[in-house]
Each structure stands twice: as structure tokens, then as C-alpha cells.
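Take a walk through this fold with the sequence beside you.

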Amino acid sequence: MRILVLGGTLFVGRAIVADALRTGAEVTLFGRGKTGTGLFPGLPRLIGDRETGDYEALRDGVWDAVVDVSGYVPRHVGQAMDALGDRAGQYLFVSSHAVYRHTGVGPGSTEDTPRRPPVRHTEELSEDTYGPLKVACEDDVVARYGARATVVRPGRVAGPHDPQGAFTYWVRRAARGGRVALPADPGQPVQIIDSRDLARLVVQLLVDARPGAFHAVGPDEPTTLGGLIETCARVAGTEVEIVPVPPGERPPVFPLVRPDRSTQQRSPARARAAGLPATPLAVTAADVLAWDRACGEPPLDVGYSPEEERALLARYDGAVLDG
């Protein structure tokens, strides 16, 4: 199988390329050539820039499938499809759970949950526009490719090489052990998808030429935020005591904290039936811990610093959260 990956040298794309190569696929990368230049030596690399609309490198070549990891606004997707013409068999777009409406969604929601209205009047990515822009991208792929269009909607992705650090924060914090400040309900549900499971699903969907939309969520067993922290501690061989602190003491975005529980209880049934694996959370945590330590534990820009956490624990030790 000949696969073109639009992106593929950072986190999710890197995992997809690695899994595609595992199956023996012929992979071509398209990107700016500025990141991951040492990865996947020998693979064809087509240089272009989606921001400037430079797709000249895609004017030649034929592929059985395209994986769009780096499309965030409709222009990205439309220009890529225009450049490819009829020289691509299947178009798989990596979307997001941000496409869904925020209200009226219960536990176990499926891929048929109502989406937010599409947005096309801006390319500025924000909390308000990111999901609706992805909706517009999905719509354009389906309109152009029809039964050859596939949409994968990942939840929170975790694994080695994660540049965002949300899961890494808790892995690293649990590995230090001791009293852990948690500005949320420890019973909040959490859905984590291992990047390698996401990649395996993507590649299997390409192999099967399967159309439609699919949730990529995990792990297999329901998990709470408190349970995730304790799992990370067990993997690291430490002991933790979770100390709830008031939610008002956290910034607007805090690692893995979500005010709407239903967004962390989506159904993986359709994706499981299509081949989504279920790596145990402990395995993902162990691999992230090893990777993070091998990298020298670089600074994270999420969560509390050790100094902030110590101050919070001193003020709120023993606090009980409402609800």
C-alpha cells in the first residue's frame, strides 16, 4: 500500500508512520522539512507549506491512501485535495472530539453525536473555533471523497514523544511520590488513547479501506483521574497521597481536568470493532516515564511547578471538594 502522510514527524503522525512501515507500506511524507529531519531515513520527503499554500510537490505521484494529520482549517484540506486531484484512493482525516456539541451529551456517546456548526470565516485557532474549523474540514473531506472518506476523532493522546505534556505531567508527578495536589475531583472520568493504538487504528482503517467516523479513545477499562495518578505511581514504584485543593486554585486549563464528565466517557465500540487495540494504562505510563527520563525531564509548561504545589498543599491540606 502506498500512503501519503501530510505531516508525520511530530507525535501522532510519527506513530502513524512507524505503524504503517511495520505493515510494509510504502510511505511518503509531506511537510516543511523543518522538524524530525532525522526520522525515518530513506523515506521520500516532499517539501511544501500548508500555511502558504505551497503544494507544488504533490503535483505528481499516486497513492492508495492519504493521512491528513496536519489539517486544521478548511483551506489546508481543500488545497491538499485540489493538488492531489484523483491521484489518491482514500482520504483519512485526523480530527478531534472538539467537533462535538458541549451540551446534551451523555456517557457512552457515539460518533453520531451532534457536532458543532462549522466555521469558515476565520483561520484563527482558539477554544471557540478549533472544533468548528475541524467540523468544516470533515465536511469537505466527506463531500469530496464520499465513500472513500474516513474521519478519526482521537481523545487525549498520550505516549512517548508527546509535545503537549498533559499525561507526562502526571507520570512525572506520580514518580516523585508523596502528597499530590489535585485541583479537581479524583473521581472525574479520564479517557487516554495511547498514540500507538491510535496509529494502529488509522493503519487498519486504511488497509480495510473503511469509511466513516471513528472515536479513538481508551484505555479499555474506565479510569478516573485519581486512578490514573495511582497507576502512574505504581508503575514508578512510589506511593502517593492525593490531596484535593479547590478548583479555583488552578489555571483555566489543567492537565487532564475536564469540567464536563461526559466528554471523557465516549464510546469506543465502533473503533474497537474496526481494530482499535487497548494498551493498558500502566504500559503507556511506563513507556512515557522511561522516555521522559531518557530526555532528561525537560521543563513542562503545564500543571503546577513543585514550588506552587508545595504552597498549595500547605494551605489546603485536607480540603474536601464539593460534588
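Which residue in S3 does Phe30 stand opposite? Phe30 faces Leu46. Bear in mind that this model is predicted.

S2 covers residues 26-31 and S3 covers residues 45-47. The two run parallel, joined by 3 bridges. S2 also pairs with S1, residues 2-6. Here 5 bridges join the strands, and again they run parallel. One place to look is Val5, whose bridge partner in S2 is Leu29. Between S1 and S2 the chain passes through helix H1, residues 12-22. This β-α-β crossover is right-handed. In a regular strand, side chains alternate between the two faces of the sheet.

Now look at H1 itself. Its buried residues are Val12, Gly13, Ala15, Ile16, Val17, Asp19 and Ala20. An α-helix has 3.6 residues a turn, so residues three or four places apart point the same way. After H1 comes Gly24, with a positive phi near 90°.

H5 is the next stop. This helix runs over residues 195-207, 13 residues in total. From first C-alpha to last, H5 reaches 18 Å, close to the 18 Å expected at 1.5 Å a residue. Its buried residues are Ser195, Asp197, Leu198, Ala199, Leu201, Val202, Val203, Leu205 and Leu206. Just after H5, Ala209 has a positive phi of about 50°.

Pro160 has a relative accessible area of 14%, so it is buried under the 20% cut-off. What does Pro160 contact beyond its neighbours within four places in sequence? The partners are Phe11, Arg196, Asp287, Val288 and Trp291. Consider Val288. In sequence, Pro160 and Val288 are 128 residues apart. In space, their C-alpha atoms are 5.0 Å apart.

Is His76 buried or exposed? With a relative accessible area of 3%, His76 is buried. Its side chain makes a polar contact of 3.0 Å with the side chain of Glu51. Leaving aside neighbours within four places in sequence, His76 is in contact with Arg50, Glu51, Tyr55, Ser70 and Gly71.

Finish with the aromatic rings. A pair of aromatic rings is described by the distance of the centres and the angle of the planes. The model has 7 aromatic pairs. One of these pairs Tyr169 with Trp170. Why does this pair count as edge-to-face? The ring planes stand at 80°, over the 60 degrees that edge-to-face requires. The ring centres are 4.9 Å apart. Both residues are buried: Tyr169 has 6% relative accessibility, and Trp170 has a relative accessible area of 0%. Ring pairs also link Tyr169 and Trp170 with Phe254 and Tyr304 into a cluster.

Technical notes:
Residues are numbered from 1 along each chain as its sequence is written. This is a predicted model: local features need pLDDT of at least 70, side-chain atom pairs count only at pLDDT 80 or more; totals for chains, interfaces and linings use all residues. Side-chain values use heavy atoms; hydrogens and water are left out. Buried means under 20% relative accessible area, exposed over 50%, partly exposed in between (1.4 Å probe, protein chains only). A polar contact is a pair of N or O atoms within 3.5 Å; within protein, one must be able to donate a hydrogen and the other to accept it, and residues adjacent in sequence count only if both atoms are side-chain atoms. Contact means heavy atoms within 4.5 Å. Helices (H or I, at least four residues) and strands (E, at least two) are DSSP runs, numbered from the N terminus. The expected span of a helix is 1.5 Å times one less than its number of residues. Two strands pair if DSSP finds at least two bridges between them. A crossover is right-handed if, with the strands pointing away from the viewer, the path from the first strand over the helix to the second runs clockwise. Rings of Phe, Tyr and Trp (its six-membered ring) pair if their centres lie within 6.5 Å; planes under 30 degrees apart count as stacked, over 60 as edge-to-face and the rest as tilted.
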